[in-house]
Amino acid sequence: MPIEPFDWLGRVLAHFATAERAIGQLCIALELPVEKGPLSNLQNLCGILARSSDKRCQTLLKRIERWR
């Protein structure tokens with residue numbers, strides 16, 4: 001059964017919204033200002049993760065890079 005274009009679009013937008021919400025929650029937890037929405041701090045967040053030696057931070061950074 002082929003996937004309808006609007007079903008596909010709905011799935012993509014749902015995943016994007018979930019990721020944006022998760023990034024926003026992480027920015028708030030790290031006390032980063034969220035001025036233009038969570039994605040405005042993505043570069044700052046990646047910088048913080050890159051400077052950390054914690055393996056979990058490096059894994060998260062790789063996931064964000066794949067997502068971007």
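Tutor: Happy to! What covers the buried residues of α2 includes α1 (5-29) and α3 (55-67); helices here are DSSP runs of H or I with at least four residues, strands are runs of E with at least two, and both are numbered from the N terminus. Buried means under 20% relative accessible area, exposed over 50%, and partly exposed in between, with a 1.4 Å probe and protein chains only. Before going on, please note that this is a predicted model, where local features need pLDDT of at least 70, side-chain atom pairs count only at pLDDT 80 or more, and totals for chains, interfaces and linings use all residues. Residues are numbered from 1 along each chain as its sequence is written, and side-chain values use heavy atoms, leaving out hydrogens and water.

Now to α2 itself, which spans residues 42-51 and has Leu42, Leu45, Cys46 and Leu49 as its buried residues. Seen down the axis of α2, these fall within an arc of 100°, so they line one face of the helix; the arc is taken from the directions from the helix axis to the C-beta atoms.

Of its 68 residues, 21% are buried. In helix α1 you will find Leu13, which counts as partly exposed because its relative accessibility is 48%.

Notes: Contact = heavy atoms within 4.5 Å.
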